[in-house]
Structures are given as structure tokens and as C-alpha cells.
Amino acid sequence: MTPPPPPPPPRQPAAARGRGKGHAGQPRKQPLQTSVAQPKAETAAAAAAVPPPEAAKKCGGRRRGGRGRARPVDTRPASGPAVAPAATTRAVIGPPVTSKGLAFCRRPGFGTVGARCVVKANHFLAEIPDKDLTQYDVKITPEVSSRYVNRAIIAELVRLYRDSDLGTRLPAYDGRSSLYTAGALPFDAREFVVRLADEDSGTGVPPREREYRVAIKFAALADLHHLREFIAGRQASAPQEAVQVLDIVLRELANQRYVPIGRSFYSPDIRKPQRLGDGLQSWCGFYQSIRPTQMGLSLNIDMSSTAFIEALPVIEFVAQILGKDVMSRPLSDANRIKIKKALRGVKVEVTHRENVRRKYRITGVTAQPTHELIFPIDDQLNMKSVIEYFKEMYGFTIQQSHLPCLMVGNQKKANYLPMEACKIVEGQRYTKRLNEKQITSLLKVTCQRPREKEMDILQTVHQNGYDQDPYAKEFGINISEKLTSVEARVLPAPWLKYNDAGKEKECLPQVGQWNMLNKKVINGGKVSHWACINFSRSVQETTARGFCQELAQMCQISGMEFNSEPVLPIYSARPDQVAKALKHVYNVALHKLKGKELELVLAILPDNNGALYGDIKRICETDLGLITQCCLTKHVFKISKQYLANVSLKINVKMGGRNTVLVDALSWRIPLVSDIPTIIFGADVTHPETGEDSSPSIAAVVASQDWPEVTKYAGLVCAQAHRQELIQDLYKTWHDPQRGTVTGGMVRELLISFRKATGQKPQRIIFYRDGVSEGQFYQVLLYELDAIRKACASLEPNYQPPVTFVVVQKRHHTRLFANNHKDRSSMDKSGNILPGTVVDSKICHPTEFDFYLCSHAGIQGTSRPAHYHVLWDENNFSADEMQTLTNNLCYTYARCTRSVSVVPPAYYAHLAAFRARFYLEPELSENHTSKSSSGTNGTSVKPLPAVKEKVKRVMFYC
């Protein structure tokens, strides 16, 4: 591989460009030397942390002069001309310090690059009244844990006393301890008595009427003035309480009409529920959230779907899971356990008692069939069979006596109910994991073309009738019924460099995609020694051999050196013999190659391969030190050139090659990357699925290992406490009996490997952090920025390269639509907005540095733009520089010839974290608990097995 040419001399003196980075003899301004005081991991970082001395004054440590748009960070909105400070000035007037003692990066201005256009966003302008709102504390005695019951109590109170004691006010209630009114109530404190029939407890005891005492006491004025100041850019931090009040007001009516789940509402009436299989159905609903934006307060509405348990007779539900034929004979133990798992916790109502529809919660299923069940009917332990009891008591003849009974009520005194006398209660969300078939069915329901989604959102807003909402009226809130029109820009695609040996040496992607025709990868990897293991019974050896030859040929065409012949004949093995097969092939090859190791193993897998894929990856990457490429049977039989081309791209990067590089990178033209050695990190944490309450969370960090190309990323992974979002192992110290205090951690290790790979130490860090919700911004920035600083300082005293910390979010509900669905030139083939569309005004944060970027072309459904929020910036990116860099990087993703929807370092970190889930001990990943695994307090997490050095050096996770 030829190294890139040395960088040209600077186009102008650094002083003139105002970068202050220490070029051309300019004294470089010292970065912040003081670390953020590192809070203990367990205390989750935020409140007690002491920010760096400058943190309260400004975002980051430097400003560039002489660029026209750099200016003191002040309290005005980020627009309009400003005078640049002198390069040596350090006293910058900052925005008001937030309550957390740390100010996020303020918007440095708005982007101008790209073709201007208009898009529509699913944000609806909310006008709020000038008056202040009043907050009251609510105490209900006896205490109730259910929000649903709390709401029922307050609703009854309002019904009884609104026109009298409440002075005609219609309050909004949060379901817990706060009540809000538009204007004061006629009293400061009062106690009310409310009688309410209990919600059916599910234990079979008839509901009875209870008396509740409700004490309402004045607490505070909910101040909307500061909210207006924040939206106008005159205040640094959002007054969350005021936003929360308005959110509660606008959710009040929906809470009464629909089933609330998180921030969404569901109903079988919004759209006809669709069957997902196994007794589940999808309910359509909508997401609703109010948020401050540059245009004012905005109500974000998006369509949503989730799985509910179908309100079926229990017999039908069981038949859907097991199949009709199983129901005609007694259940096997395996099927009984399957049913028990599916039904535990589900609410049912009885159907054998005419007008009485008492509700129960299922606790289990009996081990014996109904005809064998007897129970004591009195203290003398006289026994009666369940069949006799139902016949004598209710005149109900049990037909399916070979099936087990449902156990309901409490465990001490179990009640038996025949399955055929029960029906599932409507409106119960399914919280367990969906199977592949159900996921596919749910995706079909949720996958809507942009135009359909836009129409559905508008229809939802219309149906919600905010203009007729009594709560919105009471509080003087007006919601627009129109989507917000936003000015956007379409950033140009970057030129990509391929190998000079190919016919096409450079390529300009069209609408977010291109292909490998007439192109060769810029740096081809070399595969001299490879083998193939066939785990699929349906693939004959000749078919497997033909496939391997085609793949080897495609790798050669793509520009790799790939030996056409494997080291040994194709080895066939059973999936349950995976470890034995891999070790056999590894050892035979080692012997045949006289000590040289295999470079690649191709594995042919059955289409439905269960744990096989994960087992292969775990054994090869953490035990044998082998690189693998898995291929499914369906692709082996139907060999497509496109598939082979994509696989060859993956193999090339796994072999240490590069597929393509930005032309601007090779010509040293990327602002704030090409001028000095720059390392780009990506980080993500993946958490176990809902219901897995013992598995650890897994953190992954990747970092670029080449400069100026920034294309190759090495990845590291570690396990940490269950659902811990802060990455614990970015930097760590521990005591070693021989060596004393030892420093390590993922950032430190990746900085060292960058230096080994490039011969230079990074002088700038760009850190893309995925998977952080807004509520965690402060915690994550304080803790992780501090860890990055400590990792740098541990390598060399005063080594503090400037850091830019960017959060990447995909789990948001902002959608962007073409302004005119008839104008084909403003959309891609799927009807989505064009790749490269960026929005940084109107629907974005009032003062902070964020933007939405749709960097990919849609394939099906509605594209989701990524949301980037620059929390900290010591490199002083302009809006254009950050947006262009992020968009251009999206064209360097190794696995396909398309621009991707999130910046590749963040994408790679996600892939690496997902891969590491396979490294957990098999019993850990299968919902079982392990004593050495961490509990929720994170005291002892069993470390993941180490990835072998040979594997770690390359992009093995691709």
C-alpha cells in the first residue's frame, strides 16, 4: 500500500486563517488542562461534577479569528454579522450558565453550502398564552400506585367539584402528585373526599367502593416567561418544568381516549388492527411531544404501531400458538411450558357467568389436565373436582377436559379456571420479544411511503381536534393543523477515489448510490490461504465449490489478490458440531501450511441457523483468531453479481484493505481533518432486550487508524453494568501487584494504535457518540469528555488534543417530506427527500449547535434523518464544516456502494457492540442469569473474552 503524498504547504499563514492551531510557527493556544472532575461511575456523573474553568463561559476552548463568522458566544440568537475577537483573546462572554454548570456548544451560525430547497416537517406550531400557569401538589390517601386509578380519582373530583369549589377551572393532572391550572383556584389548600369503585384487581375478589382523601395545595407558578426567553435565544437552558406542564395539558384528553404507552397513544379505532400471528395484533397509534424550537414551541406528531395481545377466547389464543391439531390431545410438557410463558401475566375475563365478567390475571397453568384436578371445598379438606364444581355451581360443562386449567389470583390460594371459560381482556400491550415472522408483519404495517405517512399524520392532527380540546382551550394553547415548511439545503455528494488500475479511477455518486462496475478497490487486501466450511445440508459440495470460485473471482475483479484454490477441500459439518469443525479446519490448515495460519474462513450457513452464526463469530474471533465470512444458503443457490460484489467489499476490509477514499482526503482538502493528524471516534452502547434483566450492556468504541484518509476503523468492545449508558472503559486505572498503577481503556488503546499505524499522534479528536437520549446529554458529556482527557494525559503530560463531541440520534420522531410530491426532481425513487438534505433552522434547537441530515436515499418506507447535536467543540467547526464532513463520511461506509443514514464511525460502533453480544457465554445471551454477570448495581460484570490481536487490527465487525 502506498502512503498518501505529504500535505502541501498551508495555502495561507495560519494567523491569517485564524485557526490558532500552532501551524507555521504560531504559538498554539493551550487546551483546557484541567479535567472535568470525574464523578464515580455509580453516581452517574452529572450533578456533583466540577466543569473545567472555561466550561461555564463557553463551549470548548478556542475561537478562530479572521473568518467573518466566528464571534464571541453571546446571548443573542446565532445569526447576523458579528466582529471576530482577536486571536489572543480568551475572555469570551458566554451564555448564561445552566443549572448543571456546563453550557453546551452554541450554534456558530447557519450552513450555506448546497442547493436550497423547501421541505415539510411533522412539527406543528403551538401558540401559548401570555398568562402564567399554577401548579398544585396533590396527595391522595390511601396512596395508590396506579396512574390509571389516580387519574380516575381526580376525574371524579373534577366532575363533582368543578363548578363549585374549583371555581369552574379544568385542571390538567400528571397522574402522580402535580395538578396544573390556568389561573389560581379559589383556595391555597383544601382536602376533598372522593368515592370510587376499585379497579378490578384480577384476583377474583368483587370490586368494592373505596373512599379517598385528596389534599390539593398551592405549590408554585409555572413560569412561561423563561420559556419564551429560551425560545428567543436570550436564555441558555430550557425551563423543562414549563415545557412539561404544556405537555401534560396536551396529553390529558388523549390519556382518556386511548391506551397510553410511553409518549405514544394507541387504539384499535385509529386503523383496523392487523394480525401478526401467534395471538398478537398490531395497533396503530401516534407519538406526541412538545418541544422548544427556533420557530417557537412545536408539537411533534408521528405515526406509531406496536403489538397487542388479541382479545381472543383463550382456547383460540392457545390454538394460534400451538396449531389446531395439538388441541385435540393432552399437551406435552414442552407445549404446556410454551403456553405458560405466553399467558403468564395476561388479564382474562370469565365468560361462563352471563352478566358477570370478572377479571383475573393469569399466574400459571396447571401441570395436570382439567379432568384430574381436585381441590378442597371446606376446612375439613373435602375434595371436589373442577369439572363437578363448574357443573354444579354455574351449570357449565367443560368440553376440553384434557387441557390444563389457568391458575389465577395469588400463589397461596390458587384458583383454577378452565381455558374455555376465559377471554383475553382487550388493550394489553405485548412486551416480550417478537419472533422473526411477527417482526416482518409489524414492519409491513409500519412501512409507509412518505406521502401516505404525511396524510396519516395530518389526519391524526385533524382527528385529535386540538381546537376543540377542552384542556387546550382552558389553557389557551392553539395548535396549527399545517406541517411546518422549512428551508433546507441538499449537500453535494463527494467524489470517491478508486484504484488507478481500474477503468474508472474516480466516481461521483448519483442520488446516494453508485456501483463497482469498471472500478477496483483503492487498496486491495491479499488472501493466499483460505478454507470453506459448509454447515448447510441442502448445499452439495459441487454447488459450494462453484460458489467459492465465483466469490474468489469477484474478489479478484474487485482488486484483491485472492488465491483461487482453498488450502483444503470444502469441509462439510453439522451445525451442532461447530466448535469441532472450526478447530479441525484450523489445525489441518496449520499443519498443511507448516505453521502459517489461515487468513480467511468462508462459512455456508442454513437460512435459519439459530445460534450458529454467533457461535462461529465467537469461536473464531476470541479463540482461534480467524477472520470469517458467512454466507446464507439462499445466496449460494441464487448467485447474484451484486451480492458477490457486496461480499467482496466486506472481505477486503476484513483483510485490512480499503474500498474507497474521499478524493478530498487524498488532496488534503477536508477542513479540520486534513490540516493536522485527526482521529475520528465512534461510540455506542447496546442494552439487552426488554425482559432480560441480568445481561450486561455492551459498549463499543471504534477509531480511524489512517490519516488523512479516515476510512479504516479499529474497534474495541467491553461489557458493563446492565443498562448503564455511560461508557465505563473509555479510560481506566487499576492496581497490578508487579507494575503498580496501570492505565488503560478503549480511548487510550485506540490513540496508541493510531500512532503505531500512522507514525503520528492525533492532534485533534472528533467523537461521534450514538444512542444517547436528550435527558442523558449532561451525564454523558461530563463523564466521557473527562475520560477522553484523562486517556490523553496518561500518554504524555500536557497532551490534550482539542475535542469535538457530537451526539448522533436516530431514535427521534422528526420526519421530513418533499414540499411537492409531484415534483420528481425533488425526491429520490422511493418518494423521499434527496440524500444530503440538511436542516439547521426553524425545527432545530433555539440556540445550540444541532442539525438534521438525511444522508441516504430511501429504499422503502419514509426515510428517517439522523439528528446530530454538537455538545462540545474545541475545534470550532462552522456549521458548513461539520455538516459537510458528516455527510461526506456517510459515503465511506465499507459494506455497500450507497451513502448510509448515520455517520460510519457511529454505525461501525453499533455493529461492533452487536457483534460482541455473541461473545457472552451462551447461557447469558439466552435469558438465563449467571452469578458472575452483573446485577443492576454493576458491581461485578464478567468481562467479555478478548478479541485476538490479529482480528482486532482489522474491521472484523463488518
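A search of the whole structure, a predicted model, finds 42 salt bridges, each defined as a side-chain nitrogen of Lys or Arg within 4 Å of a carboxyl oxygen of Asp or Glu. Local features need pLDDT of at least 70, side-chain atom pairs count only at pLDDT 80 or more, and totals for chains, interfaces and linings use all residues. Residues are numbered from 1 along each chain as its sequence is written, and side-chain values use heavy atoms, without hydrogens and water.

R213 lies in strand β7 (residues 209–222) and E191 in strand β6 (residues 189–197), so the pair ties together parts 22 residues apart in sequence. Strands (E, at least two residues) and helices (H or I, at least four) are DSSP runs, numbered from the N terminus. R213 is partly exposed at 40% relative accessibility. E191 is partly exposed at 48%. Here buried means under 20% relative accessible area, exposed over 50%, and partly exposed in between (1.4 Å probe, protein chains only).

The R769–E725 salt bridge spans 3.1 Å, N to O. This pair links distant parts of the chain, 44 residues apart: R769 sits in strand β36 (residues 764–770), E725 in the loop between β33 (713–720) and β34 (732–736). R769 is buried, at 0% relative accessibility. E725 is also buried, at 8%. Salt bridges with shared partners join D302, K453 and R815 into one network.

D664 and R669 meet in a further salt bridge (2.8 Å, N to O). D664 is partly exposed, with a relative accessible area of 28%. R669 is partly exposed at 47%.
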